[in-house]
Amino acid sequence: MSDRISTLRLFCRVAILGSFTAAGQEIDLSQPSVSRIISKLEKDLGAALFVRSTHAVKLTEAGEDYLARIEPILAALEEANHLVRSDGKLQGRLRVGSALSFAEREIVPRLPDFLAQHPDLNVDLVLTDSFQDLIDQGIDVALRFGSLRDSTMVARPLGGKPRLLAASPAYLAKAGTPKTPADLAGHQVIIGPSSMGATGWNFKKDGKTLSVRVEGQLMVTVNEVSTVAAVAGMGIISTSFWGCRAEIESGELVQILADWEIGTAEVNALLAGGKSAKPSARAFVDYLVASFRDSASI
(Lines give C-alpha, C1' and ligand atoms only; values in the text may rest on other atoms or scores of the structure.)
Protein backbone atom coordinates (compact mmCIF):
# COMPACT_ATOMS: atom_id res chain seq x y z
CA MET A 1 0.00 0.00 0.00
CA SER A 2 2.21 2.82 -1.26
CA ASP A 3 -0.16 5.22 -2.98
CA ARG A 4 -1.50 8.24 -1.14
CA ILE A 5 -5.20 7.53 -1.72
CA SER A 6 -4.93 4.08 -0.14
CA THR A 7 -3.11 5.62 2.82
CA LEU A 8 -5.84 8.21 3.30
CA ARG A 9 -8.53 5.53 3.11
CA LEU A 10 -6.67 3.52 5.73
CA PHE A 11 -6.40 6.62 7.94
CA CYS A 12 -10.18 7.09 7.75
CA ARG A 13 -10.84 3.46 8.68
CA VAL A 14 -8.46 3.63 11.65
CA ALA A 15 -10.20 6.83 12.78
CA ILE A 16 -13.65 5.26 12.48
CA LEU A 17 -12.77 1.91 14.05
CA GLY A 18 -10.36 3.27 16.66
CA SER A 19 -8.00 0.40 16.03
CA PHE A 20 -4.98 -0.31 13.83
CA THR A 21 -5.72 -4.03 14.06
CA ALA A 22 -9.38 -3.78 13.01
CA ALA A 23 -8.59 -1.45 10.12
CA GLY A 24 -5.81 -3.76 8.95
CA GLN A 25 -8.03 -6.84 9.06
CA GLU A 26 -10.36 -5.24 6.53
CA ILE A 27 -7.59 -5.17 3.92
CA ASP A 28 -5.41 -8.06 5.14
CA LEU A 29 -2.66 -5.94 6.70
CA SER A 30 -0.97 -6.62 10.02
CA GLN A 31 -1.18 -4.17 12.91
CA PRO A 32 2.53 -3.25 12.63
CA SER A 33 2.10 -2.55 8.90
CA VAL A 34 -0.86 -0.26 9.53
CA SER A 35 1.05 1.50 12.30
CA ARG A 36 4.02 2.11 9.99
CA ILE A 37 1.80 3.53 7.24
CA ILE A 38 0.04 5.90 9.62
CA SER A 39 3.32 6.95 11.22
CA LYS A 40 4.71 7.82 7.80
CA LEU A 41 1.60 9.85 7.03
CA GLU A 42 2.02 11.74 10.30
CA LYS A 43 5.71 12.36 9.51
CA ASP A 44 4.83 13.68 6.05
CA LEU A 45 2.20 16.01 7.53
CA GLY A 46 4.34 17.07 10.45
CA ALA A 47 1.48 16.44 12.90
CA ALA A 48 0.28 13.66 15.20
CA LEU A 49 -3.08 12.35 14.01
CA PHE A 50 -3.66 9.78 16.74
CA VAL A 51 -3.06 9.31 20.44
CA ARG A 52 -2.02 5.69 20.99
CA SER A 53 -2.85 3.62 24.05
CA THR A 54 -2.77 -0.09 24.87
CA HIS A 55 -6.53 -0.33 24.33
CA ALA A 56 -7.32 1.97 21.42
CA VAL A 57 -6.21 4.86 19.24
CA LYS A 58 -8.03 8.18 19.29
CA LEU A 59 -7.86 11.17 17.00
CA THR A 60 -5.96 14.23 18.11
CA GLU A 61 -7.47 17.64 17.43
CA ALA A 62 -5.36 17.81 14.28
CA GLY A 63 -6.55 14.32 13.36
CA GLU A 64 -10.21 15.29 13.76
CA ASP A 65 -9.71 18.30 11.53
CA TYR A 66 -7.86 16.20 8.95
CA LEU A 67 -10.59 13.55 8.96
CA ALA A 68 -13.29 16.18 8.44
CA ARG A 69 -11.43 17.48 5.39
CA ILE A 70 -10.38 14.13 3.93
CA GLU A 71 -13.69 12.23 4.13
CA PRO A 72 -15.57 14.47 1.64
CA ILE A 73 -12.63 14.25 -0.78
CA LEU A 74 -12.56 10.44 -0.66
CA ALA A 75 -16.34 10.30 -0.99
CA ALA A 76 -16.18 12.57 -4.04
CA LEU A 77 -13.46 10.38 -5.52
CA GLU A 78 -15.56 7.26 -4.99
CA GLU A 79 -18.49 9.02 -6.61
CA ALA A 80 -16.37 10.00 -9.60
CA ASN A 81 -15.09 6.44 -9.99
CA HIS A 82 -18.63 5.16 -9.79
CA LEU A 83 -19.90 7.56 -12.45
CA VAL A 84 -17.23 6.69 -15.00
CA ARG A 85 -17.61 2.93 -14.64
CA SER A 86 -19.15 1.58 -17.82
CA ASP A 87 -21.50 -0.73 -15.93
CA GLY A 88 -22.37 1.71 -13.11
CA LYS A 89 -22.48 -1.14 -10.60
CA LEU A 90 -22.55 -0.50 -6.87
CA GLN A 91 -19.75 -2.39 -5.15
CA GLY A 92 -18.11 -2.74 -1.78
CA ARG A 93 -19.70 -2.94 1.65
CA LEU A 94 -22.62 -0.92 3.00
CA ARG A 95 -23.14 -0.75 6.77
CA VAL A 96 -26.71 -0.04 7.87
CA GLY A 97 -27.59 0.65 11.51
CA SER A 98 -31.09 0.04 12.83
CA ALA A 99 -33.16 -1.03 15.79
CA LEU A 100 -33.51 -4.82 15.74
CA SER A 101 -37.30 -4.92 15.53
CA PHE A 102 -37.54 -2.35 12.73
CA ALA A 103 -34.86 -4.13 10.71
CA GLU A 104 -36.47 -7.54 11.19
CA ARG A 105 -39.97 -6.36 10.33
CA GLU A 106 -39.48 -3.59 7.79
CA ILE A 107 -35.94 -3.56 6.36
CA VAL A 108 -34.99 -7.22 5.86
CA PRO A 109 -38.15 -7.95 3.80
CA ARG A 110 -37.10 -5.12 1.46
CA LEU A 111 -33.47 -6.24 1.08
CA PRO A 112 -33.88 -9.07 -1.48
CA ASP A 113 -35.11 -6.75 -4.22
CA PHE A 114 -32.41 -4.14 -3.52
CA LEU A 115 -29.60 -6.73 -3.44
CA ALA A 116 -30.93 -8.35 -6.60
CA GLN A 117 -30.51 -4.97 -8.31
CA HIS A 118 -26.94 -4.68 -6.98
CA PRO A 119 -25.42 -8.20 -6.83
CA ASP A 120 -21.87 -6.89 -6.28
CA LEU A 121 -22.83 -4.97 -3.13
CA ASN A 122 -22.57 -6.44 0.38
CA VAL A 123 -24.74 -5.15 3.24
CA ASP A 124 -23.87 -5.35 6.94
CA LEU A 125 -26.81 -4.83 9.30
CA VAL A 126 -25.68 -3.38 12.64
CA LEU A 127 -28.62 -3.99 14.97
CA THR A 128 -29.21 -2.52 18.43
CA ASP A 129 -31.97 -0.64 20.23
CA SER A 130 -29.31 1.64 21.72
CA PHE A 131 -28.09 4.91 20.19
CA GLN A 132 -25.62 4.35 17.35
CA ASP A 133 -22.75 6.72 16.58
CA LEU A 134 -22.28 6.65 12.81
CA ILE A 135 -18.63 7.69 12.87
CA ASP A 136 -17.47 5.54 15.77
CA GLN A 137 -19.23 2.45 14.43
CA GLY A 138 -18.47 3.01 10.74
CA ILE A 139 -22.15 3.12 9.77
CA ASP A 140 -23.07 4.48 6.34
CA VAL A 141 -26.85 4.68 6.85
CA ALA A 142 -28.65 4.83 10.20
CA LEU A 143 -32.40 4.31 10.54
CA ARG A 144 -33.42 6.33 13.55
CA PHE A 145 -36.63 7.09 15.42
CA GLY A 146 -37.52 10.33 17.17
CA SER A 147 -35.48 13.51 17.49
CA LEU A 148 -32.22 13.62 15.58
CA ARG A 149 -29.02 14.37 17.46
CA ASP A 150 -26.73 14.32 14.42
CA SER A 151 -27.41 17.84 13.15
CA THR A 152 -24.59 17.61 10.59
CA MET A 153 -26.08 14.53 8.95
CA VAL A 154 -28.44 14.52 6.00
CA ALA A 155 -31.78 13.00 7.08
CA ARG A 156 -34.41 11.58 4.75
CA PRO A 157 -37.84 10.86 6.29
CA LEU A 158 -39.24 7.38 5.64
CA GLY A 159 -42.59 7.91 7.34
CA GLY A 160 -44.37 7.68 10.64
CA LYS A 161 -46.80 5.47 12.48
CA PRO A 162 -48.93 6.19 15.55
CA ARG A 163 -47.85 4.81 18.88
CA LEU A 164 -50.33 2.54 20.62
CA LEU A 165 -51.01 0.34 23.63
CA ALA A 166 -51.61 -3.35 23.16
CA ALA A 167 -52.03 -6.57 25.13
CA SER A 168 -52.90 -10.19 24.40
CA PRO A 169 -56.52 -11.40 24.54
CA ALA A 170 -55.49 -13.84 27.29
CA TYR A 171 -54.08 -11.07 29.47
CA LEU A 172 -57.15 -8.86 28.98
CA ALA A 173 -59.46 -11.79 29.77
CA LYS A 174 -57.60 -12.31 33.05
CA ALA A 175 -56.91 -8.72 34.11
CA GLY A 176 -59.71 -6.84 32.36
CA THR A 177 -59.58 -4.24 29.59
CA PRO A 178 -58.62 -0.70 30.65
CA LYS A 179 -61.37 1.79 29.79
CA THR A 180 -59.41 4.92 30.71
CA PRO A 181 -55.69 5.71 31.13
CA ALA A 182 -56.22 5.82 34.91
CA ASP A 183 -57.14 2.11 34.80
CA LEU A 184 -53.53 1.29 33.85
CA ALA A 185 -52.51 1.78 37.47
CA GLY A 186 -53.89 -1.65 38.26
CA HIS A 187 -52.23 -3.46 35.34
CA GLN A 188 -48.89 -5.07 34.57
CA VAL A 189 -46.89 -2.98 32.11
CA ILE A 190 -43.92 -4.21 30.09
CA ILE A 191 -41.23 -1.52 30.02
CA GLY A 192 -39.12 -1.58 26.86
CA PRO A 193 -36.96 0.85 24.87
CA SER A 194 -39.99 1.91 22.83
CA SER A 195 -42.05 2.73 25.94
CA MET A 196 -43.08 6.34 26.41
CA GLY A 197 -41.31 6.50 29.75
CA ALA A 198 -40.00 4.19 32.41
CA THR A 199 -42.61 5.23 34.99
CA GLY A 200 -45.10 7.62 33.38
CA TRP A 201 -47.15 7.52 30.17
CA ASN A 202 -48.75 10.61 28.63
CA PHE A 203 -52.11 10.65 26.87
CA LYS A 204 -53.97 13.30 24.86
CA LYS A 205 -57.66 13.59 24.08
CA ASP A 206 -59.89 16.55 23.23
CA GLY A 207 -57.03 18.96 23.83
CA LYS A 208 -56.29 17.66 27.31
CA THR A 209 -53.12 15.88 28.46
CA LEU A 210 -53.10 13.17 31.12
CA SER A 211 -50.07 11.52 32.72
CA VAL A 212 -50.38 8.08 34.33
CA ARG A 213 -47.78 6.36 36.50
CA VAL A 214 -47.21 2.76 35.44
CA GLU A 215 -45.33 -0.17 36.95
CA GLY A 216 -44.42 -3.65 35.80
CA GLN A 217 -42.46 -6.73 36.77
CA LEU A 218 -40.66 -6.93 33.42
CA MET A 219 -38.22 -4.48 31.86
CA VAL A 220 -36.39 -5.32 28.62
CA THR A 221 -33.73 -3.57 26.54
CA VAL A 222 -34.84 -4.88 23.13
CA ASN A 223 -38.21 -3.77 21.80
CA GLU A 224 -38.85 -7.03 19.94
CA VAL A 225 -38.73 -8.88 23.25
CA SER A 226 -41.37 -6.60 24.76
CA THR A 227 -43.71 -7.49 21.90
CA VAL A 228 -43.04 -11.21 22.41
CA ALA A 229 -43.68 -10.79 26.13
CA ALA A 230 -47.00 -9.07 25.44
CA VAL A 231 -48.07 -11.92 23.16
CA ALA A 232 -47.18 -14.31 25.99
CA GLY A 233 -49.69 -12.52 28.20
CA MET A 234 -47.23 -10.77 30.52
CA GLY A 235 -48.81 -7.34 30.32
CA ILE A 236 -49.45 -4.19 28.30
CA ILE A 237 -46.90 -2.62 25.96
CA SER A 238 -46.49 0.89 24.64
CA THR A 239 -44.93 0.73 21.19
CA SER A 240 -45.27 1.96 17.63
CA PHE A 241 -47.40 0.27 15.03
CA TRP A 242 -44.09 -0.63 13.35
CA GLY A 243 -43.30 -2.91 16.30
CA CYS A 244 -46.54 -4.91 16.50
CA ARG A 245 -48.37 -4.62 13.18
CA ALA A 246 -48.22 -8.36 12.44
CA GLU A 247 -49.48 -9.29 15.92
CA ILE A 248 -52.34 -6.77 15.75
CA GLU A 249 -53.40 -8.05 12.33
CA SER A 250 -53.21 -11.70 13.45
CA GLY A 251 -55.16 -11.05 16.64
CA GLU A 252 -52.29 -12.08 18.92
CA LEU A 253 -52.41 -8.56 20.33
CA VAL A 254 -55.35 -6.21 20.79
CA GLN A 255 -55.07 -2.43 20.74
CA ILE A 256 -56.47 -0.75 23.83
CA LEU A 257 -57.41 2.86 24.63
CA ALA A 258 -57.46 3.53 20.88
CA ASP A 259 -59.37 6.80 21.34
CA TRP A 260 -56.41 8.34 23.21
CA GLU A 261 -53.35 9.77 21.40
CA ILE A 262 -49.89 8.83 22.67
CA GLY A 263 -47.76 10.27 19.89
CA THR A 264 -46.27 9.21 16.57
CA ALA A 265 -43.10 7.27 15.82
CA GLU A 266 -41.24 8.98 12.98
CA VAL A 267 -38.34 7.21 11.31
CA ASN A 268 -35.56 8.86 9.32
CA ALA A 269 -32.62 7.58 7.32
CA LEU A 270 -29.39 9.37 8.23
CA LEU A 271 -26.53 9.48 5.77
CA ALA A 272 -23.00 9.51 7.15
CA GLY A 273 -20.97 12.10 5.29
CA GLY A 274 -24.07 14.12 4.41
CA LYS A 275 -24.06 15.16 0.77
CA SER A 276 -20.71 13.42 0.34
CA ALA A 277 -22.13 10.02 1.34
CA LYS A 278 -20.98 7.03 -0.68
CA PRO A 279 -23.08 6.16 -3.77
CA SER A 280 -24.32 2.88 -2.30
CA ALA A 281 -25.61 4.69 0.80
CA ARG A 282 -27.51 7.24 -1.28
CA ALA A 283 -28.89 4.52 -3.54
CA PHE A 284 -30.11 2.48 -0.57
CA VAL A 285 -31.83 5.46 1.04
CA ASP A 286 -33.47 6.38 -2.29
CA TYR A 287 -34.70 2.81 -2.52
CA LEU A 288 -36.11 2.86 1.02
CA VAL A 289 -37.84 6.20 0.51
CA ALA A 290 -39.57 4.90 -2.64
CA SER A 291 -40.39 1.54 -1.06
CA PHE A 292 -41.97 3.01 2.08
CA ARG A 293 -43.82 5.62 0.05
CA ASP A 294 -45.36 2.96 -2.20
CA SER A 295 -45.97 0.42 0.56
CA ALA A 296 -49.33 -0.11 2.18
CA SER A 297 -47.50 -0.42 5.51
CA ILE A 298 -46.98 3.35 5.68
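The dialogue below concerns helix packing and salt bridges.

Guide: Please bear in mind from the outset that this is a predicted model.

Visitor: What describes two packed helices?

Guide: Two packed helices are described by the angle between their axes, together with the distance between those axes. In this structure, helix α5, residues 100–107, packs with helix α10, residues 279–294, at an angle of about 70°. The axes of α5 and α10 are 13 Å apart. The two helices are therefore roughly perpendicular to each other, since angles of 65 to 115 degrees count as such.

Visitor: Which residues make the contact of α5 and α10?

Guide: Helix α5 contributes F102, E106 and I107, while helix α10 contributes F284, L288 and F292. Of the residues in this contact, five are nonpolar, one is charged and none is polar.

Visitor: Let us turn to salt bridges. How many does the structure hold?

Guide: The structure holds 14 salt bridges. A salt bridge here is a side-chain nitrogen of Lys or Arg within 4 Å of a carboxyl oxygen of Asp or Glu. One of them joins D65 and R69, with the closest N and O atoms 3.0 Å apart.

Visitor: Where do D65 and R69 lie in relation to one another?

Guide: Both belong to helix α4, residues 61–84, and because they are four residues apart there, about one helical turn separates them. D65 is partly exposed, at 39% relative accessible area, whereas R69 counts as exposed, at 55%.

Visitor: Which parts does the salt bridge between D124 and R93 tie together?

Guide: In this pair, the closest N and O atoms are 2.7 Å apart. D124 lies in strand β4, residues 121–127, and R93 in strand β3, residues 92–98, so the pair ties together parts 31 residues apart in sequence. D124 is partly exposed, with a relative accessible area of 22%, and R93 is partly exposed as well, with 44%.

Visitor: Are R105 and E224 buried or exposed?

Guide: R105 counts as buried, with 15% relative accessibility, and E224 counts as buried, with 13%; buried means under 20%. R105 and E224 form a salt bridge whose closest N and O atoms are 3.0 Å apart. This pair links distant parts of the chain, as R105 is in helix α5 and E224 is in helix α8, residues 223–231, 119 residues apart.

Visitor: Which residues are linked in a network of salt bridges?

Guide: Such a network links R4, K40 and D44.

Conventions. Residues numbered from 1 in each chain as written. Predicted model: local features only at pLDDT ≥ 70, side-chain atom pairs only at ≥ 80, totals over all residues. Heavy atoms only, no water. Axes fitted to C-alpha atoms, helices over the stretch in contact; angles between N-to-C directions. Parallel < 35°, antiparallel > 145°, perpendicular 65-115°, else oblique. Contact = heavy atoms within 4.5 Å. Nonpolar A, V, L, I, M, F, W, Y, C, P; charged D, E, K, R; others polar. Buried < 20%, exposed > 50% of the residue type's maximum accessible area, 1.4 Å probe, protein only.
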